[in-house]
2 protein chains.
Amino acid sequence: MDESQVIDALGALAQETRLRILRFLVTKGSDGASAGEIGEAVDAASSRASFHLSTLANAGLVTAERKSRHIIYRVNFDAVGGMIGYLINDCCGNHQAVIACCQIPGKC
Amino acid sequence: MDESQVIDALGALAQETRLRILRFLVTKGSDGASAGEIGEAVDAASSRASFHLSTLANAGLVTAERKSRHIIYRVNFDAVGGMIGYLINDCCGNHQAVIACCQIPGKC
DNA sequence: TCAACGTTTCAAGTATTATTGAAATAATGG
DNA sequence: CCATTATTTCAATAATACTTGAAACGTTGA
């Protein structure tokens, strides 16, 4: 994951609706959810949910797969992990205070 | 760290110059660096560096301390860790693929 | 094929953010 | 106190992003 990919991913998550979408999709795991279900869950019109989902997909943070009339969106956990790994390893030089937050759940 | 703080922090880092500033300040550790030195390091005019530094400071990611004619900026490692911890714990539900990136350096 | 459903695209308006250079502020040494 | 240095603020412009509703698209079942 290079710098510009990380910037895209950070920008994609720096928005209330999209952060909520990610949280919701995480709870759905590999089942994923359709755009309509997602829009309802985060209280957004379908066009708005679609817009934000395509932003997340462009940033690589979610995947889309058509299933009949629905399009199922899922979190791309590797991409989320890659972004976080970049922040920890490349950007923060594995600084102790940063690593502690990952190794001790609830610390930060 | 609550949702809106995390969104501010993510937005602050979702910009090339500011991400570079963070990386540079990480290498400086507790010594920190002045706005002029930072601007030179990231190839930005002083007014631009100042603007981005205040954005980072507003998001809590850096601290500012006047030392004689200079103002020394330092990374707030706790804030960076807090943001990352939020993503891992609250947002991603400690999903294995995400955690792996923190525990195995170089994995992602 | 046609109607219905879920989803995406589009256009217009609004808002936020980035950039630049100039002016203003703050602190120090002479 | 004044000149110098470091930094911030300001104003104007440009670019990017958000929201909304309507229209268009693709898929399915009748």
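## The sheet in chain B

Chain B has an open sheet of three strands in the order β1-β3-β2, with antiparallel pairing (strands are DSSP runs of E, at least two residues, numbered from the N terminus; two strands pair if DSSP finds at least two bridges between them). At the edges sit β1 (33-34) and β2 (62-67) of chain B, each pairing on one side only.

β1(B) and β3 (residues 70-75) of chain B run antiparallel and are joined by two bridges. Here Ala33(B) stands opposite Tyr73(B) in β3(B).

## About the model

This is a predicted model, where local features need pLDDT of at least 70, side-chain atom pairs count only at pLDDT 80 or more, and totals for chains, interfaces and linings use all residues. Residues are numbered from 1 along each chain as its sequence is written, chains are lettered from A and ligands numbered from 1 in the order in which they are written, and side-chain values use heavy atoms, with hydrogens and water left out.

## A helix from each chain

Helix α5 (residues 77-91) of chain A packs on helix α2 (residues 16-28) of chain B at an angle of about 40°, their axes 10 Å apart.

On the α5(A) side, Tyr86(A), Asp90(A) and Cys91(A) meet Leu19(B), Leu22(B), Arg23(B) and Val26(B) in α2(B) (contact means heavy atoms within 4.5 Å). Sorted by class, this contact has five nonpolar, no polar and two charged residues.

## Thr17 in chain B

Thr17(B) also belongs to helix α2 of chain B. Is Thr17(B) buried or exposed? Thr17(B) counts as buried, at 11% relative accessibility (the cut-off is under 20%). Leaving out residues up to four places away in sequence, Thr17(B) touches Val42(B), Ala44(B), Arg48(B) and His52(B).

Terms used. Axes fitted to C-alpha atoms, helices over the stretch in contact; angles between N-to-C directions. Helix = DSSP H or I, 4+ residues; strand = E, 2+ residues; numbered from the N terminus. Nonpolar A, V, L, I, M, F, W, Y, C, P; charged D, E, K, R; others polar. Buried < 20%, exposed > 50% of the residue type's maximum accessible area, 1.4 Å probe, protein only.
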